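Hi,

Here is the structure I promised to pass on to you. Have a look at it first, and then read my notes below.

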Amino acid sequence: MGSPRLRDVLERIESAVVSDVLPLVVFDLDSTLFSTEPRNLQIFHEFVERRESYYRELTALARTIRREHMGWNICESLQAQGVDNVELLEELRRFWRDRFFTDQYVLHDDPVPGSVEFVTACHQRGALIYYLTGRHVGGMEVGTVQALRSAGFPFWRGRCTLHLKPSFEMSDRAFKDDALADIRSYHGRVVATFENEPGNANLFLKSFPDALHFLLLTVHSPEAEVPSSGLVQCEDFTLPPSRA
Ligand SMILES: [Mg+2]
């Protein structure tokens, strides 16, 4: 379920435009606009296909496991399903890492409910759409554009920008600092940000205290920060009925 405060974002975009200020809305991709569960599940099924004869416990698991069992990391998801074979988990971790961060596999993701409609509504009202993701250039950029376009997110039409990590190796901290500087360089008004990682959402709140900051309750990293009480929590982007 989305939050009633999603509607406030649209109103804030409109009032920035009326005041002749460029409104910016920042959207994370993985587990914010896109659900990565189908990507994880696809990788798991390919692993099963290749290794089923070696790891017998995979056979039953492949039949019962569903996308809702997929968490932030595929190995933890399997451990939660009772898999404790260390050799299997290690091999799967490598198999997963070689595929998860690639152009080809991001195409398996599904948009989070309401996300395409909401981003489109923000864009139509005049916001600059700032897609910001830790996906890296040099392996994920082509698939990311393709995924955004095939899902129907605004992209090739002006007032949309896509900021990826310049390399896989760059530290998250340095990337975030660069991203904040780039967002500020527009000299517009950050109206809202959307994130699934509490640490990033907290950082946005600190950096742009006048904006609305949403935390998507999808999945997040295991050692995540405690989310600030100033964040708006929501499960997806579906707009509740309007307050008439
Ligand atoms: Mg994310």
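How many Å separate the centres of domain 1 and domain 2, taken over C-alpha atoms? The answer is 29 Å.

Before the rest, some ground rules. This is a predicted model, in which local features need pLDDT of at least 70 and side-chain atom pairs count only at pLDDT 80 or more, while totals for chains, interfaces and linings use all residues. Residues are numbered from 1 along each chain as its sequence is written, and side-chain values use heavy atoms, with hydrogens and water left out.

**The two domains**

The protein chain is assigned domain 1 (5-35 + 110-234) and domain 2 (37-106); such bounds come from an automatic or database domain assignment. To the contact between them (heavy atoms within 4.5 Å), domain 1 brings 18 residues and domain 2 brings 13 residues.

**The largest pocket**

A pocket here is an open set of points on a 1 Å grid over the protein atoms alone, where a 1.4 Å probe fits, with protein on both sides within 12 Å along at least five of seven lines; lining residues have an atom within 4 Å of a point. The largest pocket holds about 830 Å³ of space, counted as the space filled by probe spheres set on the points, which are joined across faces, edges and corners. It has 30 lining residues, and D30, W72, G134, D172 and E197 are the closest to its centre. Both domains give residues to this lining, so the largest pocket lies between them. By class, the lining has 12 nonpolar, 10 polar and eight charged residues. Here Ala, Val, Leu, Ile, Met, Phe, Trp, Tyr, Cys and Pro count as nonpolar, Asp, Glu, Lys and Arg as charged, and the others, Gly among them, as polar.

**The magnesium ion**

Which residues coordinate the magnesium ion? They are D28 (OD), D30 (O) and N196 (OD1), at 2.1 to 2.2 Å. Donors are N, O and S atoms within 2.8 Å of the metal (3.2 Å for Na, K and Ca), and sites may look incomplete because water is not among the atoms. D30 sits in the loop between β1 (23-27) and β2 (34-35), and N196 in the loop between β6 and α10, so the pair ties together parts that are 166 residues apart in sequence. Strands (E, at least two residues) and helices (H or I, at least four) are DSSP runs, numbered from the N terminus. Both D30 and N196 are buried, meaning under 20% relative accessible area (1.4 Å probe, protein chains only).

Enjoy exploring!

Key
Buried means under 20% relative accessible area, exposed over 50%, partly exposed in between (1.4 Å probe, protein chains only).
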